[in-house]
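Grab a pencil and work through these exercises with the structure open beside you. Try each task before you read its solution.

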Amino acid sequence: MKKITINIVFAIVLLGTFASCHDQGTGKQVDDDAYAAWEADSASLRVAVTPTLDCLPLFVAEAEGMFQRQGVSVSLYQYEAHMDCDTAFKSGWVDAMASDLVRAEYLKSHGTPLRYLTATDLHWQLLADQNSKVKRLGQLEHKMIAMTRFSATSLLADQVVDTTKMVNEYVFRIQVNDINVRFLMLKNHVMDVMFLPEPYATAARSMKSELLYDTQWDDVCMGAIVVREVAMADTLHQRQTEGLLKAYDEACDTINSRGIAYYGNLLSERSNIKFNTSDSLLTSIRFKLSHQPRNTDLSKARQWLEKQ
């Protein structure tokens, strides 16, 4: 218990330091400028994204001018956590966002009407810090797992505990929403175990973190891009979402043809981390063209939420 207390205190200090770096120099003028830019961007389809591999088709579509070729204006607003995307989405600051099915279904059940534009290739890996001595799933009792409440990572944490028949109360779930902070906690040996998407998972494996579980092993697909239902009442936004999906498909085809390594610098700039683009688990990923989330994945998300 002493170790857990110390680690949590250290994590809070780390989180505070990271947050202060983001807030440094901000103020009313910056807020006013951001609002003015947002108002000027009102004719665009504003999409919240995270610095993760599942958003690479959107980054490529923007960088390669694919949105323009479709005759639509799409603006990407990057956040470091899906919960921050949620906040922007609920407030109407953005019209659409990259998220996961659990988060999306949670929002729907709490009064935010939305529509699924496409499922995405969001995969999660459960990785253990090399200092934790965890080598397999059954060793997670009395360990801390970084995740986000009411998200795919929370569902997956419960699934891991259930399948290994560990004592639920002895596996400590620690909410860490910011993906960069979560990664830094692993890098600095603050957290025992955590769920990470690519390319953070590849960077973690390069630090000799132990791979315990990958959602691809069970064919679990929880990623999605959703749009606010109210936005779809607008003819312009309807046309923009159609153009976005066409550009998304073009980007997926391009990435599959060129390989993820071709866009390694773009992804590194977005995530602000260095990773091995030749990693076998990373290069094995093929992006699927736009398609609706599968009923099996939606049912898994809804059934889990009903139990909470």
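**Exercise 1. Find out which residues Met97 touches, leaving out residues up to four places away in sequence.**

Start by locating the residue in this predicted model: Met97 sits in strand S3, residues 96–100. Now list its contacts: Met97 touches Val47, Ala48, Cys85, Asp86, Phe89, Leu107, Ala224, Ile225 and Val226. Next, pick out Val47, which is 50 residues away from Met97 along the chain, and yet the two C-alpha atoms are separated by 5.0 Å. Finally, is Met97 buried or exposed? Its relative accessible area is 0%, and the cut-off for buried is under 20%, so Met97 is buried.

**Exercise 2. Work out which residues of helix H5 are buried, and what covers them.**

First mark the helix: H5 covers residues 82–91. Its buried residues are His82, Cys85, Asp86, Ala88 and Phe89. Here's a handy rule: an α-helix has 3.6 residues a turn, so residues three or four places apart point the same way. Then look at the cover over the buried residues of H5, which includes strands S1 (45–49), S3, S4 (114–120), S5 (124–128) and S10 (223–228), along with helix H6 (101–109). Last, step past the end of the helix: Gly92 follows H5 and has a positive phi, near 85°.

**Exercise 3. Which residues touch the most other members of the largest nonpolar core?**

Keep one general idea in mind: in soluble globular proteins, nonpolar side chains tend to be buried together. The largest core here has 56 residues, and the ones touching the most other members are Val47, Leu56, Leu58 and Leu196. Helix H10, residues 235–258, gives the most to this core, with 7 residues. Now zoom in on Leu58: apart from neighbours within four places in sequence, Leu58 is in contact with Val47, Val49, Phe67, Leu76, Ile225, Leu244 and Tyr248. There's also a second, separate core of 45 residues, and its members include Leu122, Trp124, Ala128 and Leu298.

**Exercise 4. Trace the order of the strands in the open sheet.**

The edge strands are S7 (171–175) and S9 (210–214), each pairing on one side only. From one strand to the next, the twist averages 30°. For a close-up, take S6 (residues 143–147) and S8 (residues 193–197): they run parallel and are joined by 2 bridges. Ala146 has Met194 in S8 as its bridge partner.

**Exercise 5. Sort two of the 4 aromatic pairs by their geometry.**

You need two values, since a pair of aromatic rings is described by the distance of the centres and the angle of the planes. Take Tyr106 and Phe150: their ring centres are 4.5 Å apart and their planes meet at 15°, so this pair is stacked. Tyr106 belongs to helix H6 and Phe150 to the loop between S6 and helix H7 (152–164), 44 residues apart. Phe150 counts as buried, at 19% relative accessibility.

Next come Phe183 and Tyr200, with 5.8 Å centre to centre and 65° between the planes, an edge-to-face pair. Phe183 lies in helix H8 (residues 179–187) and Tyr200 in helix H9 (residues 200–206), so the pair ties together parts 17 residues apart in sequence. For burial, Phe183 comes out at 6% relative accessibility and counts as buried, and Tyr200 is buried at 0%.

How values were computed: Residues numbered from 1 in each chain as written. Predicted model: local features only at pLDDT ≥ 70, side-chain atom pairs only at ≥ 80, totals over all residues. Heavy atoms only, no water. Pairing = 2+ DSSP bridges. Helix = DSSP H or I, 4+ residues; strand = E, 2+ residues; numbered from the N terminus. Axes fitted to C-alpha atoms, helices over the stretch in contact; angles between N-to-C directions. Buried < 20%, exposed > 50% of the residue type's maximum accessible area, 1.4 Å probe, protein only. Contact = heavy atoms within 4.5 Å. Core = buried A, V, L, I, M, F, W, Y, C linked by side-chain atoms within 4.5 Å. Phe/Tyr/Trp six-rings, centres within 6.5 Å; stacked < 30°, edge-to-face > 60°.
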